[in-house]
Amino acid sequence: MEFEHVTVLLREAVEGLAIRADGLYLDGTAGGAGHSKAIASRLTTGRLIALDKDPEAVRVASGRLQGLPAEVIRADFRDIPSVLKGLGIGGVDGILLDLGVSSYQLDNPERGFSYAADAPLDMRMSGEGMSARDLCGTASAEELERILREYGEERFARRIAQNIVRARDEAPIETTGQLAELVRASIPAAARRTGGNPCKRTFQALRIAVNGELEALEEAVDKAFQCLNPGGRFAVITFHSLEDRICKQRFAALSKGCVCPPDCPVCICGRTPQARTLTRRPILPSEEEQMANRRSHSAKLRIIEKL
């Protein structure tokens, strides 16, 4: 299967980075190289470092960026500081994170991300470590319930978790089809008729847990910001409320100045803003983009600039 992915908020994200032809930039989620290629194409004496932990994405991005001032490295975006240090780079002028799962990952049955086809229950972006099969086969009902409730905002988390545990006592849950059938059977018929596919929230929650996505984002935002040169910009595209909340809160904290009480005559906290928020409200895809790419409808872009 060919690695195909429609890049979301391409123009808005690249323009938001205010690319300089001689600048240093980092794309922490190379994917199909859509954003990376647009950034690298604007460089002359500058340089782009593109990261991805998916070995297939690294292979594809390397080919698509050939001939441009860019290099692709297999790494998690939470490792941005160590990657730059290994390259002898002290700071960059812009960082982009696109947190969406690529269409290739979703549509390739072998990756086990989708409930649309029966395939091995995997969901690992890196192809390494604990899989969704392992998680469903070993986690307690209480832990599964927590994952589904926190990461999927699933109303029927307890029922689904209990049914997963009951089912695995009889036979291992090894495929996406088995899991999808369990989820559908756990949700009342009336609820199944509203809100889209009833499997969506469970599959999202397990994917987030398997890949440690929220923990990686929390860690990466703080680490990556410290790698920006003064005046450098940091852009993040999120695709669900949990990611956006983390990004919004972290960006707000970096942009916050004095926290002394209002009645304090002089500042005693000594706190000054580290960043300037460039998007008071997130940038959303245009109606045209949403119509052309249904997977873009939940995307939100936030940008800050280091002071």
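Ala205 lies in helix α11. Its relative accessibility is 0%, so Ala205 counts as buried; buried means under 20% relative accessible area, exposed over 50%, and partly exposed in between (1.4 Å probe, protein chains only). Ala205 and Ile147 stand 58 residues apart in sequence, yet their C-alpha atoms are 6.1 Å apart in space. This is a predicted model, in which local features need pLDDT of at least 70 and side-chain atom pairs count only at pLDDT 80 or more, while totals for chains, interfaces and linings use all residues. Residues are numbered from 1 along each chain as its sequence is written, and side-chain values use heavy atoms, with hydrogens and water left out.

**Ala205 and its contacts**

- Neighbours within four places in sequence aside, Ala205 is in contact with Ile147, Leu148, Tyr151 and Gly152; contact means heavy atoms within 4.5 Å.
- Ile147, Leu148, Tyr151 and Gly152 are among the buried residues of α7.
- Helices (H or I, at least four residues) and strands (E, at least two) are DSSP runs, numbered from the N terminus.

**Helix α7**

- α7 has twelve residues, which should span 16 Å at 1.5 Å a residue; the end C-alpha atoms are 15 Å apart, which agrees.
- The expected span of a helix is 1.5 Å times one less than its number of residues.
- Leu144 and Glu145 are also buried in α7.
- The buried residues of α7 pack against α6 (132-138), α8, α11, α12 and α13.
- An α-helix has 3.6 residues a turn, so residues three or four places apart point the same way.
- Glu153 follows α7 and has a positive phi, near 50°.

**α7 against α8**

- α7 and helix α8 (residues 157-170) pack at about 140°, and their axes are 8 Å apart.
- That angle makes α7 oblique to α8.
- Angles under 35 degrees count as roughly parallel, over 145 as roughly antiparallel, 65 to 115 as roughly perpendicular and the rest as oblique.
- Axes are lines fitted to C-alpha atoms, for helices over the stretch in contact, and angles run from 0 to 180 degrees between N-to-C directions.
- The crossing of α7 past α8 is right-handed.
- A crossing is left-handed if the near helix is turned anticlockwise from the far one by less than a right angle, and right-handed if clockwise.
- From α7, the contact uses Ala141, Leu144, Glu145, Leu148 and Arg149.
- Facing them in α8 are Ala157, Arg158, Ile160, Ala161, Ile164, Val165 and Arg168.
- The residues of this α7 and α8 contact divide into eight nonpolar, no polar and four charged.
- Ala, Val, Leu, Ile, Met, Phe, Trp, Tyr, Cys and Pro count as nonpolar, Asp, Glu, Lys and Arg as charged, and the others, Gly among them, as polar.

**α9 against α11**

- Helix α9 (residues 176-186) packs on helix α11 (residues 200-211) at about 130°, with axes 10 Å apart.
- The two helices, α9 and α11, are therefore oblique to each other.
- α9 and α11 make a right-handed crossing.
- α9 contributes Thr176, Leu179, Ala180 and Val183, and α11 contributes Thr202, Phe203 and Leu206.
- By class, the α9 and α11 contact has five nonpolar, two polar and no charged residues.

**Helix α13**

- α13 (residues 241-255) has 15 residues and reaches 21 Å from its first C-alpha to its last, close to the 21 Å expected at 1.5 Å a residue.
- Its buried residues are Leu242, Glu243, Asp244, Ile246, Cys247, Phe251, Leu254 and Ser255.
- The buried residues of α13 pack against the helices α7 (141-152) and α12 (213-226), and against the strands β5 (228-238), β6 (275-277) and β7 (300-306).

- Glu12 lies in helix α1 (residues 10-16) and, at 15% relative accessibility, counts as buried.
- Beyond four places in sequence, Glu12 is in contact with Ile283 and Leu301.
- Pro285 lies in the loop between β6 and α14 (287-292) and is buried at 6% relative accessibility.
- Pro285 and Val8 are 277 residues apart in sequence and 7.6 Å apart in space, C-alpha to C-alpha.
- Neighbours within four places aside, Pro285 is in contact with Leu9, Gln290, Ser296 and Ala299.

**Positive phi in two loop alanines**

- Ala18 lies in the loop between α1 and β1 (24-27), with phi near 50°.
- Ala18 is partly exposed, at a relative accessible area of 38%.
- Ala33 is found in the loop between β1 and α2 (34-40), with phi near 75°.
- Ala33 is buried, at a relative accessible area of 2%.
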